[in-house]
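Here is a short briefing on one protein model. Look at the structure first, then work through the points topic by topic.

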Amino acid sequence: MAGVVGWSGRRNASSGFVAIAFAAVMLISNRASANQPVAIGTGSPSGLYYSAGIAVCDAVLKLAKYPCTVASTRGSASNILTLDPGKIQFGIVQSDVQFEAAHGHDAYAFIGASENLRSLFSLHAEAFTVVVRSDSPVTEFDQLRGKRLNLGPFGTGTLNTGEEVINHLGWSELDRKFISHTDPSLIRDALCSGEIDASAYLIGHPSDNIAEISKSCSIRLVSLDLETVARIAKNKPYFSAVTIAGTYQGNPDPVTTLGVVATMVTLASVPDDLVYTLVKAFFQALPDIRAQNPAFSDLRERTMISHGLTAPLHPGALRYYREAGWVGPNGDGAPSGNLGSNPEKNPVLRLPTSAQTVPLLSSPKIPPAKEDPNALPSLSPPTGHGDGPEHWDKTPPPFRSSD
């Protein structure tokens with residue numbers, strides 16, 4: 001297909017163009033409603049974004065007694081574009097997508113920088129994870145040139161990061177000839193049957209998707225050349241080297257690849273009090289959230305209020321961080337969006353056992369949603385869990401804020 005003007009060659013599907021244009025129209029047509037409950041844009045119902053959204057809503061419902069819903073969406077790009085004070089006030093997005101939106105780069109060069117985008121906090125680390133069948137001769141990502149590689153649907157963070165990698169490696173059009181954009185729910189059958197050679201995910205670990213594939217056929221995780229990771233991270237401060245350590249079935253050895261962090265964002269027009277309420281409730285519930293799933297066990301306040309936050313901090317979030325004593329009274333410095341590119345200091349995504357890959361705070365009251373890539377976000381109410389404040393004794397770097 002022909003490339004879309006203003007997308008820097010990284011987005012080349014007319015369907016993606018239509019989706020962004022439609023979302024942009026939604027942004028200017030919606031208006032806030034005083035009685036509208038909090039809604040959080042997440043991702044696939046089987047993924048960690050959806051689980052993290054449930055965790056946030058649980059905290060808001062239990063500790064703040066405020067109605068909160070979780071929206072199943074197509075992921076980071078969709079969550080940026082559908083932010084709206086009256087419908088979906090919050091979204092979970094990758095740190096690279098936040099950076100692009102805040103600065104008007106790549107896909108967002110078409111619609112311009114989102115001057116109203118505001119950051120709240122970061123969540124779990126995510127790894128660009130490539131899966132092949134165990135009988136595949138492929139041991140490193142660059143060996144997938146010209147092969148049947150799935151990089152996920154248009155508008156997803158997986159595709160964004162995959163294109164970043166293949167562009168950096170200098171893949172030709174011929175090398176990309178058999179790249180596909182299959183929905184994650186269909187990958188297990190496609191990979192195990194040999195319809196595709198490999199599939200990529202940008203996900204936190206443990207991952208239900210990968211664990212489910214490993215139950216159907218023998219698979220192996222593929223590394224990304226460490227020198228390539230270091231070069232990309234040096235030029236793109238929202239990336240870093242990440243190690244996936246532990247075991248999916250048949251994968252005992254650590255794999256090093258490219259990583260980002262998930263971040264919670266909102267708009268400047270969302271009321272300060274509402275943002276403050278959500279942020280306070282989430283951090284008070286953090287000890288309980290850590291205990292629910294290994295992917296969230298290493299969340300620490302210091303990194304959560306600094307890493308990956310390239311959009312200005314929302315004043316409602318800054319109010320809570322000052323109140324908690326985590327920033328000084330001015331809070332006017334710039335948050336660090338750099339996770340570091342030193343391969344000796346990689347964030348490690350540990351996978352204790354494949355049995356621990358259930359979604360965080362999964363609830364029988366929220367049945368798995370059937371995904372329609374053309375549908376508007378769907379909302380689901382979570383159930384309540386956990387509380388308990390936790391503080392730490394050192395002050396992190398100050399923020400650049402919007403107040």
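Contact means heavy atoms within 4.5 Å. This is a predicted model: local features need pLDDT of at least 70, side-chain atom pairs count only at pLDDT 80 or more, and totals for chains, interfaces and linings use all residues. Residues are numbered from 1 along each chain as its sequence is written, and side-chain values use heavy atoms, with hydrogens and water left out.

**Overview**

- The protein has 12 helices and 11 strands. Helices (H or I, at least four residues) and strands (E, at least two) are DSSP runs, numbered from the N terminus.
- Of its 403 residues, 55% count as buried. Buried means under 20% relative accessible area, exposed means over 50%, and partly exposed lies in between (1.4 Å probe, protein chains only).
- Take the contacts in the protein with a separation of 6 or more: residues 24 or more positions apart account for 80% of them.

**Helix H7 and its cap**

- Helix H7 spans residues 208-216. Its buried residues include Asp 208, Asn 209, Ile 210, Ala 211, Ile 213 and Ser 214.
- What covers the buried residues of H7? The cover includes strand E4 (117-133), H6, strand E6 (198-203) and E7.
- Ser 207 lies in the loop between E6 and H7. Ser 207 counts as buried because its relative accessibility is 5%.
- Ser 207 caps the N-terminal end of H7. A side-chain oxygen of Ser 207 lies 3.2 Å from the backbone nitrogen of Asn 209.
- That pair is a polar contact, meaning N or O atoms within 3.5 Å. Within protein, one atom must be able to donate a hydrogen and the other to accept it, and residues adjacent in sequence count only if both atoms are side-chain atoms.

**Disulfides**

- A disulfide is a covalent bond between the sulfur atoms of two cysteines. Here the cut-off is a pair of cysteine sulfur atoms within 2.5 Å.
- How many disulfides does the structure hold? There are two.
- Number the bonded cysteines in sequence order, and the pairing reads 1-2, 3-4.
- Cys 57 and Cys 68 form a disulfide, with their sulfur atoms 1.9 Å apart. The angle about the S-S bond is -65 degrees, and the link is left-handed.
- Cys 57 lies in helix H2 and Cys 68 in strand E2, so this pair ties together parts that are 11 residues apart in sequence. Both Cys 57 and Cys 68 are buried.
- Another disulfide joins Cys 192 to Cys 217, at 2.0 Å from S to S. The torsion about the S-S bond of Cys 192 and Cys 217 is about -70 degrees, so this disulfide is left-handed.
- Cys 192 lies in helix H6 (residues 187-192), and Cys 217 lies in the loop between helix H7 (208-216) and strand E7 (219-222), so the pair ties together parts that are 25 residues apart in sequence.
- Cys 192 counts as partly exposed, at 25% relative accessibility. Cys 217 counts as buried, at 15%.

**Helix packing**

- Two packed helices are described by the angle between their axes and the distance between the axes. Axes are lines fitted to C-alpha atoms, for helices over the stretch in contact, and angles run from 0 to 180 degrees between N-to-C directions.
- The axes of H2 and helix H9 (residues 272-284) come within 8 Å and cross at roughly 100 degrees. That makes H2 roughly perpendicular to H9.
- Angles of 65 to 115 degrees count as roughly perpendicular, under 35 as roughly parallel, over 145 as roughly antiparallel and the rest as oblique.
- Val 56, Ala 59, Val 60, Leu 63 and Ala 64 in H2 meet Thr 277, Leu 278, Ala 281, Phe 282 and Gln 284 in H9.
- By class, the contact of H2 with H9 has eight nonpolar, two polar and no charged residues. Ala, Val, Leu, Ile, Met, Phe, Trp, Tyr, Cys and Pro count as nonpolar, Asp, Glu, Lys and Arg as charged, and the others, Gly among them, as polar.
- Helix H5 (residues 157-169) and helix H8 (residues 226-235) pack at about 105 degrees, with their axes 11 Å apart. H5 and H8 are therefore roughly perpendicular to each other.
- Glu 164, Val 165, His 168 and Leu 169 of H5 make the contact with Thr 228, Arg 231 and Ile 232 of H8. These residues divide into three nonpolar, two polar and two charged.

**Two loop residues**

- Lys 65 lies in the loop between helix H2 (48-64) and strand E2 (68-72). Lys 65 counts as exposed, at 67% relative accessibility.
- Gly 86 lies in the loop between helix H3 (76-81) and strand E3 (90-94). Gly 86 counts as buried, at 2% relative accessibility.
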